Amino acid sequence: MTVTLRHAIKIAAPRHKVFSALADTAEMAAWHVGGIDGTVAVGETFRLNPKPGLSFAWRTVDITSDEAIRQECVDGPGNSAGKTLTFTLSDTDEGGTRVDLSDGQWPPDDPGLPFCNTRWAEVLLRLKQYVETGA
């Protein structure tokens with residue numbers, strides 16, 4: 001049995017704007033903590049370096065413009081490698097975008113699980129702030 005982390009947030013902006021913030025590494029650098037290298041494109045790998053000594057490499061498996069991005073962790077601390085990350089975008093009744101995030105294949109007793117769960121919430125809040133305010 002494995003656990004999949006699931007988060008969702010509503011952002012007061014159209015899907016194409018949210019998608020761009022998730023798919024363009026120059027934009028990602030504006031709202032992610034730490035450095036980013038590489039490209040978000042099918043078959044390509046980008047690396048997130050949230051703090052010195054901590055790095056994650058994500059290979060993009062699938063992209064549907066303005067709808068979804070699916071990535072696989074190919075390098076990272078602990079049990080990170082092999083996990084699948086999916087961002088799914090949909091319209092809200094208020095005219096904005098709902099972002100659903102899933103991060104799968106966690107052993108339920110993994111000591112990193114609660115920390116990663118908290119980190120994803122922080123990441124989505126930074127994404128929301130960036131898309132809605134530009135800061």
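In what order do the seven strands of the open sheet stand? The order is β1-β7-β6-β5-β4-β3-β2, with antiparallel pairing. The model is predicted, so local features need pLDDT of at least 70 and side-chain atom pairs count only at pLDDT 80 or more, while totals for chains, interfaces and linings use all residues. Residues are numbered from 1 along each chain as its sequence is written, and side-chain values use heavy atoms, with hydrogens and water left out.

**Sheet**

- The edge strands, each of which pairs on one side only, are β1 (3-11) and β2 (35-38).
- Strands are DSSP runs of E with at least two residues, helices are runs of H or I with at least four, and both are numbered from the N terminus; two strands pair if DSSP finds at least two bridges between them.
- On average, neighbouring strands of this sheet are turned by 20° against each other, direction ignored.
- Axes here are lines fitted to C-alpha atoms, for helices over the stretch in contact, and angles run from 0 to 180 degrees between N-to-C directions.

**Strand pairs and hairpins**

- β4 and β5 are joined in the antiparallel sense over seven bridges, and tryptophan 58 stands opposite cysteine 73 in β5.
- The hairpin of β4 and β5 has three residues between the strands, and aspartate 66 there takes a positive phi near 65°.
- β5 and β6 run antiparallel and are joined by five bridges.
- Alanine 68 stands opposite threonine 88 in β6, and glutamate 72 has threonine 84 in β6 as its bridge partner.
- Seven bridges pair β6 (residues 84-91) with β7 (residues 97-106), again in the antiparallel sense.
- Five residues lie between β6 and β7 in their hairpin, and glycine 95 in the turn has a positive phi of about 95°.

**Helices on the sheet**

- Helix α1 (residues 15-23) packs on the sheet and touches β1, β4 (54-64), β5 (68-75), β6 and β7; contact means heavy atoms within 4.5 Å.
- The direction of α1 makes about 165° with that of β6.
- Helix α3 (residues 113-133) also packs on the sheet, touching β1, β4, β6 and β7, and its direction makes about 20° with that of β1.

**Contact of α1 with α3**

- The axes of α1 and α3 come within 10 Å and cross at roughly 125°.
- The two helices are therefore oblique to each other, given that angles under 35 degrees count as roughly parallel, over 145 as roughly antiparallel, 65 to 115 as roughly perpendicular and the rest as oblique.
- Lys17, Val18, Ala21 and Leu22 in α1 meet Leu127, Tyr130 and Val131 in α3.
- These contact residues divide into six nonpolar, no polar and one charged (Ala, Val, Leu, Ile, Met, Phe, Trp, Tyr, Cys and Pro count as nonpolar, Asp, Glu, Lys and Arg as charged, and the others, Gly among them, as polar).

**Aromatic pair**

- A search of the whole structure finds one aromatic pair (ring centres of Phe, Tyr and Trp, the last by its six-membered ring, within 6.5 Å; planes under 30 degrees apart are stacked, over 60 edge-to-face and the rest tilted).
- Phenylalanine 87 and tryptophan 120 form this edge-to-face pair, at 6.4 Å centre to centre and 85° between the planes.
- The pair links distant parts of the chain, with phenylalanine 87 in β6 and tryptophan 120 in α3, 33 residues apart.
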